[in-house]
Amino acid sequence: MPRSLTPILFPLQTAPSAEYEGFIGWVLSLMETLGEVGVGLAVLIETFVPPIPSEAVLPGAGFLAYEGRMSFWLAWALATLGALVGALAWYFIGAAFGRDRTRRVVGRIPLMEYDDFDRAEAFFLRWGALAVLLGRCVPLVRSFISIPAGIERMPLVKFVFYTAVGSGVWNGIWIGLGYAFGPAIKPVLEQWSGLISDAVVVVILLLLLWFVIARVRRILRRRRAAEGADGSADER
């Protein structure tokens, strides 16, 4: 049997071939410990904590599948299920709360803004069901595109279908990339996982810092603009 098919068809029969150091080793070890369920939980959490990108999690699942530590197809299925559960949660929040109350809830989530809701709503109103399908591939939008779908009471069967298809394709791409590049990644990680881990941590921290600073500056700018507008109105 070809070596490339072995991890998918017999994922539990291949023993771990290497231990990796640093942050990368910790992430892979955590995913291996939790198994495919951990992949689904990570994608579910990402639905509610958008700064945590699924693109950083799913290739790791693909790499573990290449090593035989995880089932490719089960990881993909549970990742898609996690995305669907998260999408349904936002759908029912939108349906239950309505537009104005849901918008207030989103705006009060730390580091989120009303504009995040507004962009998702505008995207849905323009593209309809296609927005649910394509929105799974757009950061932030994929978290909130379900809300206007719920507000507009998009048929649930239709919503589930488009969400499952869009999420399935997106998850398959990223898990597949981790699996396909496993032969090239593995020797590099075996030799340089510690150094690469340090670089990855620095990049993640810088990106998070940039995200936080950009959001805080935007919020402060809008507050100052609003206070200036109120002051001008009072003077008149």
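**View 1. Arg99 and its salt-bridge partner Glu121 in the predicted model.** Arg99 is partly exposed, with a relative accessible area of 32%, where partly exposed lies between buried, under 20% relative accessible area, and exposed, over 50% (1.4 Å probe, protein chains only). The side chain of Arg99 meets that of Glu121 in a salt bridge of 2.7 Å, N to O, a term that requires a side-chain nitrogen of Lys or Arg within 4 Å of a carboxyl oxygen of Asp or Glu. Because Arg99 lies in helix H5 and Glu121 in helix H6, the pair ties together parts that are 22 residues apart in sequence; helices (H or I, at least four residues) and strands (E, at least two) are DSSP runs, numbered from the N terminus. Glu121 is buried, at a relative accessible area of 13%. The model is predicted, so local features need pLDDT of at least 70 and side-chain atom pairs count only at pLDDT 80 or more, while totals for chains, interfaces and linings use all residues. Residues are numbered from 1 along each chain as its sequence is written, and side-chain values use heavy atoms, with hydrogens and water left out.

**View 2. Asp118 with Arg99 and Arg103.** Asp118 and Arg99 meet through their side chains in a salt bridge of 3.9 Å, N to O. Asp118 lies in helix H6 (residues 114-127) and Arg99 in helix H5, so this pair ties together parts 19 residues apart in sequence. Asp118 also forms a salt bridge with Arg103, in which the closest N and O atoms are 2.9 Å apart, linking helix H6 to helix H5 across 15 residues. Asp118 is partly exposed at 22% relative accessible area, and Arg103 counts as partly exposed at 24%. Arg99, Asp100, Arg103, Asp118 and Glu121 are linked in a network of salt bridges, and a search of the whole structure finds 5 salt bridges.

**View 3. The aromatic pair of Phe72 and Trp73.** A search of the whole structure finds 9 aromatic pairs. The ring centres of Phe72 and Trp73 are 5.0 Å apart and their planes stand at 75 degrees, so the pair is edge-to-face; rings of Phe, Tyr and Trp (its six-membered ring) pair if their centres lie within 6.5 Å, with planes under 30 degrees apart counted as stacked, over 60 as edge-to-face and the rest as tilted. Phe72 is buried, with a relative accessible area of 8%. Phe63, Tyr66, Phe72, Trp73, Trp76 and Tyr179 form one aromatic cluster.
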